[in-house]
Structures are given as structure tokens and as C-alpha cells.
Amino acid sequence: MRLYEYIELVFTDYTLRTITLGTAVLGAICGMLGSFAVLRKQSLLGDAISHAALPGIAIAFLITETKNSNAFLLGALISGLIGSFWIRGIITKTKLKSDTALGLILSLFFGFGMLLLTYIQKMPNANQAGLENYLFGQAATLLASDVWMMAIITGICFCVLLLFWKELKLSVFDADYAKTLGFNTQFLDILITAFIVIAIVLGLQTVGVVLMSAMLLAPAAAARQWTNSLAIMITLAAIFGATSGVVGTAISATHEHLSTGPVIVLIAAVFVGISFIASPSRGLLFREIRFRKNRNDLQLHKTLSFMYNIAKDHEDITHPHAIKILNNFQGFTKRSLQKLEDKNYVSIQGTMWSLTPEGYQTAANLYNQLSHINDE
Amino acid sequence: MSSAQLEIQLIASLVAIACAIPGTFLVLRKMALITDAISHAILPGIVLGFFITEDLSSPLLILLAALSGVLTVILVEFIQKTKLVKEDTAIGLVFPVLFSIGVILIAQHANDVHLDVDAVLVGELAFAPFDRLLLYQTDMGPKALWIIGSILLITLGLLITFFKELKISTFDAGLAAALGLSPVVMHYGLMTIASITTVGAFDAVGAILVIAFMIAPAATAYLLTNDLKKMLFLAAILGVIAAISGYWLAHELDASIAGAITTVLGLIFLAVYLFAPQKGYFSVRYRQRQQRIEVSLLTFLLHLGNHTDNTSERHLQHLYEHINWQKVRAKSVVNLALKNNMIQIDQDIISLTEKGHSFTKEAIDYIVTNKNAEIENMKDRFFLFRG
């Protein structure tokens with residue numbers, strides 16, 4: 001399928017349009033709420049909750065005995081919330097650490113869910129087709145009503161975020177301070193956790209239990225690299241999430257045998273990779289460049305101050321010296337000498353060098369003025 | 001009980017013991033979640049190995065999968081070292097990506113490969129006895145039993161040989177490094193064992209049960225004891241109990257064995273979490289309540305000690321207002337003080353007894369010299385009744 005044909009299909013084909021919209025909305029809400037999860041060091045909560053939602057789905061089926069995705073969502077929400085509160089209980093009341101608590105809830109709830117699922121499979125009413133979709137996600141099963149539901153919930157989350165914006169911001173970055181100001185941090189904590197659980201539950205049907213955590217984390221982790229402002233980070237994360245959703249759907253729809261969930265996760269991972277490497281302020285590439293530049297500057301300064309120490313013993317500071325005497329000084333290279341000359345700090349005649357008055361002045365002030373160190 | 005049933009229980013028990021050993025150390029080193037990451041991230045290794053060998057239990061496949069497990073650990077640590085994201089985010093980013101690659105690889109070759117993501121993740125213990133190891137046409141028992149058995153033997157051997165080193169590096173990494181034990185070697189050794197165990201067990205029991213077997217018995221044992229050796233034993237025993245009773249639960253319900261075992265593990269943990277004598281939920285709640293009352297008691301006695309010459313400050317009715325306590329709390333504090341013979345009430349005026357005086361005096365000494373911990377020992381000497 002050509003790109004043009006695909007774009008045409010998105011606007012004409014009902015299924016494709018629904019899926020594209022659904023994954024876009026899902027990516028946006030996950031990015032938005034994932035930002036909070038990442039900043040609150042609860043990154044893996046998403047993984048634990050998405051596994052913990054499974055028994056809820058199975059129990060919802062056992063009670064309603066029909067495949068009703070709203071009932072499933074409710075069941076998943078309840079068991080996800082139970083899981084997240086039990087995690088909190090384990091961390092605060094016992095000496096087990098958060099990693100153990102998360103791993104425990106994850107595996108125990110999921111195992112219990114598997115027990116229920118296999119039990120359901122052997123029940124006489126074979127109406128259970130579709131329950132397994134929640135394991136690995138099946139974007140193709142998205143209906144327009146599901147997308148509407150996602151959009152409405154995203155809207156509600158957005159409004160509540162705006163309403164509690166400064167409280168949430170404060171509690172994310174300085175929970176103790178928020179507490180001393182008299183905000184109910186426990187309420188804010190529960191609010192945010194509940195929202196994260198909601199986002200996870202919404203995504204289960206599309207990307208599945210296992211990949212949900214990446215859906216939540218990857219856009220936020222990528223957005224974090226570009227900014228230090230919470231509002232911008234959340235906006236960026238939502239954009240990254242939505243873009244991964246749309247692009248992932250497009251790729252999986254135009255190729256055979258490519259399930260949507262994993263492709264979306266891989267696209268989101270590409271965003272993370274690019275952000276890690278290329279972000280101007282935190283990225284690895286620019287960090288390396290800055291590191292090298294600093295090292296070169298430092299070596300230049302060391303050489304200059306070494307020269308200064310030699311020159312200051314002479315009456316005439318521009319008295320020439322042999323380049324040879326610099327040779328056993330660490331940090332001296334032909335290139336650094338060349339650079340010094342370019343900056344007009346030294347002048348070189350044949351095998352001799354001499355400090356210029358300007359170079360002498362700079363060297364004398366080198367360790368007096370810290371602000372000078374960064375000069376070009 | 002048929003021989004197949006016996007074999008299933010034997011395999012499950014061996015997996016439980018083999019997982020309990022690395023699991024205990026992972027829980028103690030706060031790296032429990034790395035098992036989750038490994039168990040998902042081995043998928044691409046398994047798929048690649050399967051393309052080459054076409055056999056789910058060949059040693060090459062196990063080796064490849066274990067390698068991708070170790071690769072996960074290295075990747076996670078690399079991302080952590082860049083300090084671009086927090087530690088747990090690194091784990092959460094790496095394994096879904098590797099898992100996605102695995103899923104896509106399987107899907108791309110879905111037609112000509114007999115390999116199911118479900119099988120990898122969930123496993124089916126019930127089929128384990130049917131995959132027999134044939135040596136010179138003689139039946140040597142189920143393959144899974146041999147694989148797990150040899151992994152368990154290797155793990156046990158390493159545990160006994162390096163017990164001392166493991167113990168030191170787990171509880172005091174700095175001391176271990178100072179004594180010349182490389183923390184890196186210990187770390188990657190443990191990771192390799194965890195990875196191999198996960199891979200060796202996934203075929204028989206599935207990834208989720210491996211995570212549960214690694215974390216749940218160790219965490220449960222940790223709530224019951226502080227002794228490393230006891231913790232290892234307890235974790236192994238709890239794992240075996242869950243394996244056997246889980247099997248029979250699955251037998252009754254006609255459901256997934258792995259799911260049933262995990263459920264039993266969950267129930268055991270829940271019971272211990274709530275009722276463990278020292279560290280359980282209820283005893284922690286009880287102790288916190290007790291300490292709150294005892295701190296109140298100390299404040300109350302100090303208040304009395306400060307006002308030995310002023311009776312209005314010590315009047316029973318006014319006291320509530322002065323210290324600003326609610327009635328119920330004030331009453332329980334006064335009762336506790338009375339029971340311990342620290343105060344006497346004479347016409348609604350409370351005064352310290354001889355014992356109360358010496359208690360407050362000693363407590364002030366400790367508070368002034370910043371030895372607050374000593375107050376706990378002091379309580380044992382003075383209190384007849386605890387709060």
C-alpha cells in the first residue's frame with residue numbers, strides 16, 4: 001500500500017479511522033499521565049498495574065457472562081486500584097522495598113488472572129473469545145464507542161489536571177513542602193495514582209498488558225529530555241504519544257503480520273532514542289561535545305598558565321622561548337599551540353614562542369576571574 | 001497419583017527451589033524487578049534460538065536466551081549510567097522494546113514456526129511430562145526435569161562455594177569491595193544465574209510463574225526472618241509447598257497449573273503480610289499505636305515534671321486543655337501512667353511518683369544527649385504494662 005493510498009483510506013475507511021484515532025488519543029493520555037509517573041519515580045507502577053488488571057477483567061466476565069468492554073474496564077479499574085493500594089501498603093507497612101512490592105503484585109495478580117482465564121475457557125458458554133486480546137492487545141477490535149469513551153476520559157483527566165495544576169505540580173516536585181502548606185497530599189497522591197490506573201486500563205485493549213508500561217513511560221521519558229518545565233513536558237509527551245500511535249498504526253496497517261501494539265512501542269522507543277542522543281541540553285551527543293570542548297579549554301588554559309609562569313620571570317614578557325621546553329608538559333599539543341596563536345595569545349617564530357601582552361594579561365587573570373574561564 | 005502427575009509436581013518443586021536461591025538475593029539487593037525485565041526480554045533470544053535450532057529445549061536456545069537476558073541487564077545499566085532517566089524508568093523502557101521485537105519476529109514467521117507468545121509467557125506445565133528425553137532409545141524422564149535439575153545443581157554448587165562472598169556483597173557492598181571481592185563479578189554472576197534459571201524454567205512453567213517463584217517466596221521469607229540461611233530455606237520450602245498445593249488446586253478447578261501455583265503463592269504472602277509476628281501488617285499497626293501512646297505518655301510525664309510546684313497545671317480537668325489532647329487519648333495515657341505506678345491522683349491533682357520522677361529524669365538525660373534510641377531500652381526496665 002502506498003502512503004497516498006493509506007492517507008486516503010484513513011479518511012474513508014471506518015475501521016482504520018477508528019483505530020488511528022483510538023491509538024492517537026491513547027498515546028496522548030498515556031503521555032500526559034505518564035509524565036507524572038516518571039517524575040514521581042513510579043515508572044514501573046504501570047507495568048504492575050497493567051498486569052494486576054487481568055483478574056478484574058476475568059471476574060467481570062464471570063459476573064456479567066458477556067463480553068462487555070465497559071464492564072471489563074470497570075473490573076480492570078477496580079483490580080488495578082486494589083493492586084496499587086496494596087503496593088502502597090507493602091511499601092509503607094513492611095520493610096519490603098518498592099521493587100519487591102511491584103514484582104509481587106505484578107506476578108501474583110497476573111497468575112491469579114491466568115487461573116481465572118483458563119477456568120473461564122473451560123466453562124460451557126464459549127463466549128469468552130476476546131479475553132486473550134487483553135494480554136497482547138488487539139487494536140483492530142477498537143470500536144467507535146471505545147474511542148469516544150477514551151476521548152471523554154482524556155477530556156475529564158485534562159480538566160482535572162488543569163483544576164489541580166499547581167497542587168499536583170507542587171506535590172510532584174516537593175511533596176513535603178506541599179504537606180507543610182496544608183495541601184492534602186494523600187488525596188493528590190490517590191488522584192494521580194487513580195488517573196494512571198485509568199490510563200493503563202484504557203490502553204489494555206489496544207496494546208496489551210505487557211507493552212502498556214512502555215506506552216506510559218516512553219513518551220514521557222523522551223519529553224523529559226527536551227525541557228525542564230512540567231507544562232511543556234506534558235504537552236510534548238502527549239504529542240510524542242499520539243504521534244507514535246498514529247505512525248505505529250500506519251506501519252502495522254500497511255504491512256502484513258505486524259501487530260499494532262509492538263509497532264507503536266517500537267516507534268515510541270525510537271522517539272526515546274532520538275531524544276536521548278540529540279536533545280540539546282541533556283542529550284548524549286551534545287553532552288559529549290560540551291565535555292570535549294571543556295577539556296580542550298582546560299588544556300589550553302593549563303598550557304597558557306605554564307607559559308605565563310615561565311614568562312613572568314623575565315623582564316621582557318615577550319621574550320621568546322624554545323617550543324621544546326613545553327614538550328614534557330602534559331596537555332600540550334601542536335594543535336593547542338596553534339589555537340593559542342589563533343587567539344593571539346602567543347606568537348611563534350620558527351621553533352620559538354613568546355607570549356603577547358594580551359596573552360600575558362589573560363594568563364595573569366586566568367585564576368582570578370572565574371567568569372573568564374569560559375571565554376572562547 | 002499417576003507418574004505424570006508426580007513428574008509435574010517434581011518439576012514444579014525443582015523450579016521453585018532453583019528460583020528461590022537467586023530470588024532471595026535479588027529481593028535483598030532491591031533488584032527484584034530485574035527478573036520481570038529478564039523474563040520478558042528473553043523473548044527475542046528464544047525466537048532467534050528457535051529459528052536456528054527448531055527445538056524449544058535445546059541447550060543452544062537456552063544459551064542464546066540467557067545471553068539476551070544478560071544483554072537486558074547491561075542495557076538497563078547503560079541507560080542508568082547516562083543519568084538521563086531514573087533507574088526504574090530504564091528497566092521499564094528496555095524490556096517492552098525487546099519484547100516487542102520478539103513478538104514482531106514471531107508474527108513475521110507465524111506461518112512456518114510453531115511458537116506461541118502465550119506459551120512463552122504463561123507456559124503449560126501439564127505438557128511438560130510428554131516431552132521426554134530419549135537416550136539410546138531409553139526413556140530418561142521428562143526433558144524439563146533434566147534441564148531444571150542441572151540448573152538447580154549448578155546454582156546450589158555456586159551458592160555453597162560463594163555463600164560468604166554473596167552474603168558480604170549483598171549486605172555491605174563497600175566492605176566487599178574493600179576486601180577485594182569485585183562487586184561487578186558478583187553482580188553479573190547473579191544476573192547470569194537469574195537469567196539462566198528464568199530461561200530454563202520458562203519452557204516448563206512460563207515467565208510469569210518464574211517471576212512469582214523468584215519474588216514471592218523470598219519476600220514472604222523476608223517478613224518472617226532476618227537470617228540469610230533461614231531465609232533461603234524458608235523461601236525454598238514455601239515455594240515447594242505452593243508448587244504442590246497449587247498443582248492440586250489446578251487439578252480441582254481444571255485450570256492452568258502455573259496460575260494456580262501463583263495464586264497459592266499469593267495467598268501465602270497475603271497471610272504472612274497480614275499476620276507475621278514481627279513485620280506483618282497488624283503487628284506493625286499495633287506497634288505504631290503502642291509507640292504513639294508511649295510518646296504521649298513521655299510528653300505527659302515531662303509536663304508533670306516541669307510543673308511540680310504549680311498545681312493548676314496538674315489538675316486533671318485542665319490537663320486536657322494544657323496539652324491539647326482529645327478526651328479519649330488523654331484518658332488512655334493517664335490510665336497507662338497509673339497502671340505503671342508513675343503518677344498518683346490526689347483530689348484530681350496529678351503528681352509524679354518516685355518511679356515517675358526517676359523515669360522522666362533519665363528520659364531527659366537521654367533526650368539532651370541525643371541518645372533517643374536508649375529510651376526503648378529504658379521502657380523495658382520501667383514499664384509493667386505497655387501502651
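Predicted model: local features only at pLDDT ≥ 70, side-chain atom pairs only at ≥ 80, totals over all residues.
Residues are numbered from 1 along each chain as its sequence is written, while chains are lettered from A and ligands numbered from 1 in the order in which they are written.

Let's begin with the sheet in chain A. Three strands form an open sheet there, in the order 1-3-2, with antiparallel pairing. Strand 1 and strand 2 of chain A stand at the edges with a single partner strand each, so one side of each has no neighbour in the sheet. Strands here are DSSP runs of E with at least two residues, helices are DSSP runs of H or I with at least four, and both are numbered from the N terminus. Two strands pair if DSSP finds at least two bridges between them.

Now look at how strand 3 (residues 352-355) of chain A is held on each side. Two bridges join strand 1 (residues 321-322) of chain A to strand 3, and here A:H321 stands opposite A:W353. Strand 2 (residues 346-349) of chain A pairs with strand 3 over four bridges, and A:W353 is the bridge partner of A:I348. The hairpin of strand 2 and strand 3 of chain A has two residues between the strands, and A:G350 takes a positive phi near 60 degrees in it.

What about the side chains? In a regular strand they alternate between the two faces of the sheet.

A:S347 sits in strand 2 of chain A and counts as partly exposed because it has 15 C-beta neighbours inside 10 Å. Leaving out residues up to four places away in sequence, A:S347 touches A:E341, A:S354 and A:T356. Two residues are in contact if their C-beta atoms, placed from the backbone, lie within 7 Å. For a sense of scale, the C-alpha atoms of A:S347 and A:M114 are separated by 79 Å, and the two are 233 residues apart along the chain.

On to the helices. Two packed helices are described by the angle between their axes and the distance between the axes. The axes are lines fitted to C-alpha atoms, for helices over the stretch in contact, and the angles run from 0 to 180 degrees between N-to-C directions. Helix 2 (residues 14-39) and helix 11 of chain A pack at about 150 degrees, with axes 7 Å apart. That makes helix 2 of chain A roughly antiparallel to helix 11 of chain A. Angles over 145 degrees get that label, under 35 count as roughly parallel, 65 to 115 as roughly perpendicular and the rest as oblique. Their contact has 15 nonpolar, 11 polar and no charged residues. Ala, Val, Leu, Ile, Met, Phe, Trp, Tyr, Cys and Pro count as nonpolar, Asp, Glu, Lys and Arg as charged, and the others, Gly among them, as polar.

Helix 11 (residues 230-254) of chain A also packs with helix 12 (residues 260-278) of chain A, at about 130 degrees with the axes 8 Å apart. These two helices of chain A are therefore oblique to each other. Among the residues making the contact are A:F240 and A:I251 of helix 11 of chain A, and A:V263 and A:F271 of helix 12 of chain A. By class, this contact has eight nonpolar, six polar and no charged residues.

Finally, how do the chains meet?

Technical notes:
Buried ≥ 20, exposed ≤ 12 C-beta atoms within 10 Å, placed from the backbone.
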